[in-house]
Amino acid sequence: MPFRLQTSGDLRLYNHDREMISFPEKGLLIIAYLLAQGESRVSRARLAKLIWGGVDMARGLTNLRQTATRTIARQDELGVHFLTFSQSDISFNAGTLIADLDVLLSIRQSEGDLPVRLEHALAQYRLPFLSEYQNPSPSLCDWIEEKQLAFAELMSDAIRRAIPQSGEFENAPLIRGAARRLFESDPDNQVARGILDRQPPQARPQHGLDAASALAAQATRAFAPDMPIPHHPARQTDGALDLLRSLFERQFALPKASGENARLEAREDLAALPRLAILPPGENDPDGLVAALLEDITIGLCSSHSLRIVAPYTAARISRQQDRSQLIIQHAIAYVLDTRINVAAGEMGLFAQLVYVPSDAVVWADRFPLDAERYMIQRQAIAQQVTRSISAHVERNEVSRLYFESNPQAYYHYLQGQSSLQHLTLPEIRRARKSFRLALQEKSDFGPALSGLARTNHLEWLITARGEPGLLENAEQQAKEAIKLCGDLTSGYRELGVTKLFLGAFDESVEALLTAESLSPQYADVIADFGDTLIHASRPAEGLAKLLKAIELNPVTPDGYLWAAAGANYYLEDYFAALAYINRMSDQTPALRLAAACRAMIGDMRQAKALSRKLKEQYPDFDVDRWLSVLPIREQWQREHYRHGLKKAGL
């Protein structure tokens, strides 16, 4: 039989010389559908609805007629008719081709020769059914996923039956290989997770109530950003442990039923867990190092009972999309491990950051060397470190989520306020203040909203350049109240540090931001504010280093980071770099003063004067000396440097 159909990954047709030959894609899809369904005939209406589900039935049937015409013509050219088309139905002619799907389906009834057939299926069927098929309609996508799960269950059953014929399965390469393949296509599969969980203890992520106790013990220094615990020191650890226990008892309870009921209950338990997608980098992978590392991490996470892993093929498809958000929402993904290859100090490395999708918050990030010689030695240690970090931070962040979602309405208003603060304009700042006040009306002791209020006050003071002390006094009081309510609230210390800066208390500002950074060492916003404080404290080089780290952690960089980095470069007399950062801001209005000074310092007086006029239109009563008298700058040389640029620009 000369023709072979591939359904593993993508749809392809080969001749007897194993050369791929052209054939209408939808024609191959019809064949694959009939083989996967175990049917020899299907109605035209049913196929039209499945393949072109997003259009009306008349258009779908028209498309199907065009497919039939092209398929019949190509079959005539090849001299073989895989499909027969009638007015109402389409039939597959058995014996006209063989398919890799036949090999997979053959393990269904195998008994004595099951290990041999299983090994053959693994060799022939390397990727999940149609996992690389491009642009399926929503209805077709659902059908493909349904079949992938069905074939995963078929493989799962075959592995269970093959274990007694394969000796001690821990030492059977066939069983381990089958489990890995099954896990890649169905990370929720209990058989695969059970086999792959037989790893050395140090490679296994910590979970369960032991993990709860460990996390509770370090709660005061390691909780995720804005994750408070009621501030009662004597009961703090117990309170954290209670929260963690309520989460873990739900997540780690093992199904007590047996047989099919146990599998159904296990899948229901898994469905309640957050989903994680590990997105490979878009850059070229040198020597396949990143792919190997991400595979190790994915397999390592199979023993984590605090999350579910999105199938690697789905994750890879998401990573290739320009707009990932739609697919992330479609697959109900809560966490994304975003990876990219970068070069720092001449050394190639992998940067990884764990993002909580609902709030777009970075909850963990790190960088790992990709030097081939060292990497091969350290690969296992790196994979274990990443696996443990992901598992621990997801568990920790899920507890944080319980706190926020205890009052959904307050949380909703808080998120609205946070969204408004992405834009550094006076209307948006005041809109954010209104949202935070509404959150406090719903929950008067909601610490994050108090921190948000503090931020709106010191931002308004900064934007308007009016130097009204009442705004800063309010911000300081609200930040202190947030810390009093929730001692582990990172943003409370953050807002206190920024407010203390604007009040000219540089040492107290640095101390508060050091505390915030120690609570959340990967919290980009805190690191950016710390950098800004160091700039005002006349340490611009140190401040710029902090800001570069914050920008690396948050590549879709907020305007505030760029504004502060521009200021650091101005004081370091790199005016072109300062302007480059300002030009990257989506709204350059807050940086008009700085941009005018930079233009003046490089001798571009026409642009400097134009920017000065624009600033005076917005703030007619702006006065350089009055502004500089309230702007917190520790050393006089820095103040005079800024004054010189502003005066030179005509302000």
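Trainee: Where does Ile 333 lie?

Mentor: Ile 333 sits in the loop between α15 (325–330) and β10 (335–344). Those labels come from DSSP runs, numbered from the N terminus: helices are H or I runs of at least four residues, and strands are E runs of at least two. Keep in mind that this is a predicted model, where local features need pLDDT of at least 70, side-chain atom pairs count only at pLDDT 80 or more, and totals for chains, interfaces and linings use all residues. Residues are numbered from 1 along each chain as its sequence is written, and side-chain values use heavy atoms, with hydrogens and water left out.

Trainee: Is Ile 333 buried or exposed?

Mentor: Buried means under 20% relative accessible area, exposed means over 50%, and partly exposed is in between (1.4 Å probe, protein chains only). Ile 333 has 6% relative accessibility, so Ile 333 counts as buried.

Trainee: Which residues is Ile 333 in contact with?

Mentor: Contact means heavy atoms within 4.5 Å. Setting aside neighbours within four places in sequence, Ile 333 has Arg 275, Ala 277, Val 310, Ile 318, Ile 328 and Val 357 as contacts. For Val 357, which is 24 residues away along the chain, the C-alpha separation from Ile 333 is 7.4 Å.

Trainee: Arg 275 and Ala 277 are in that list. Which residues cover each face of β8?

Mentor: Arg 275, Ala 277 and Leu 279 are on one side of β8, with Leu 276 and Ile 278 on the other, and all are buried. Five of the five residues of β8 (residues 275–279) are buried, so the strand is largely enclosed by the rest of the structure.

Trainee: In which sense do β8 and β9 pair?

Mentor: Two strands pair if DSSP finds at least two bridges between them. Here β8 and β9 (residues 308–309) run in the parallel sense, with two bridges; Arg 275 has Arg 308 as its bridge partner in β9.

Trainee: Which residues touch the most other members of the largest nonpolar core?

Mentor: A nonpolar core is a set of buried Ala, Val, Leu, Ile, Met, Phe, Trp, Tyr and Cys residues joined through side-chain atoms within 4.5 Å. In the largest one, of 92 residues, they are Leu 101, Leu 276 and Ile 390. Helix α6 (residues 138–162) gives the largest share of this core, ten residues. Ile 390 itself touches Leu 276, Ile 297, Leu 301, Leu 307, Leu 337, Leu 354 and Trp 364, leaving out residues up to four places away in sequence. There is also a second, separate core of 77 residues, which includes Tyr 411, Ile 527, Tyr 642 and Ala 649.

Trainee: Tyr 642 also belongs to α30. What does α30 pack against?

Mentor: The buried residues of α30 pack against α23 (524–536), α25 (559–571), α26 (575–584), α27 (592–601) and α29 (624–630). Among those buried residues are Gln 638, Arg 639 and His 641. To check a helix's length, take the expected span, which is 1.5 Å times one less than its number of residues. The 13 residues of α30 (residues 636–648) should span 18 Å, and the end C-alpha atoms are 18 Å apart, which agrees.

Trainee: How should I read a positive phi?

Mentor: Most residues other than glycine have a negative phi. Arg 18, not a glycine, has a positive phi of about 60°; Arg 18 is in the loop between β2 (12–14) and β3 (20–21) and is exposed, with a relative accessible area of 63%. Leu 130 has a positive phi of about 55° and is not a glycine either, but at 2% relative accessibility Leu 130 counts as buried. Just after α30, Gly 650 takes a positive phi of about 95°.

Trainee: How many salt bridges does the structure hold?

Mentor: A salt bridge is a side-chain nitrogen of Lys or Arg within 4 Å of a carboxyl oxygen of Asp or Glu. The structure holds 23. In one of them Asp 89 meets Arg 41, with the closest N and O atoms 3.8 Å apart. Asp 89 is in strand β6 (residues 89–92) and Arg 41 in strand β4 (residues 41–43), so the pair ties together parts 48 residues apart in sequence. Arg 455 and Glu 495 form another, at 3.1 Å from N to O, and both residues are buried. They belong to a network of salt bridges that links Arg 455, Arg 494, Glu 495, Asp 525 and Asp 529.

Trainee: And how many disulfides does a search of the whole structure find?

Mentor: A disulfide is a pair of cysteine sulfur atoms within 2.5 Å. The search finds zero. Cys 598, for one, is buried, with a relative accessible area of 0%.
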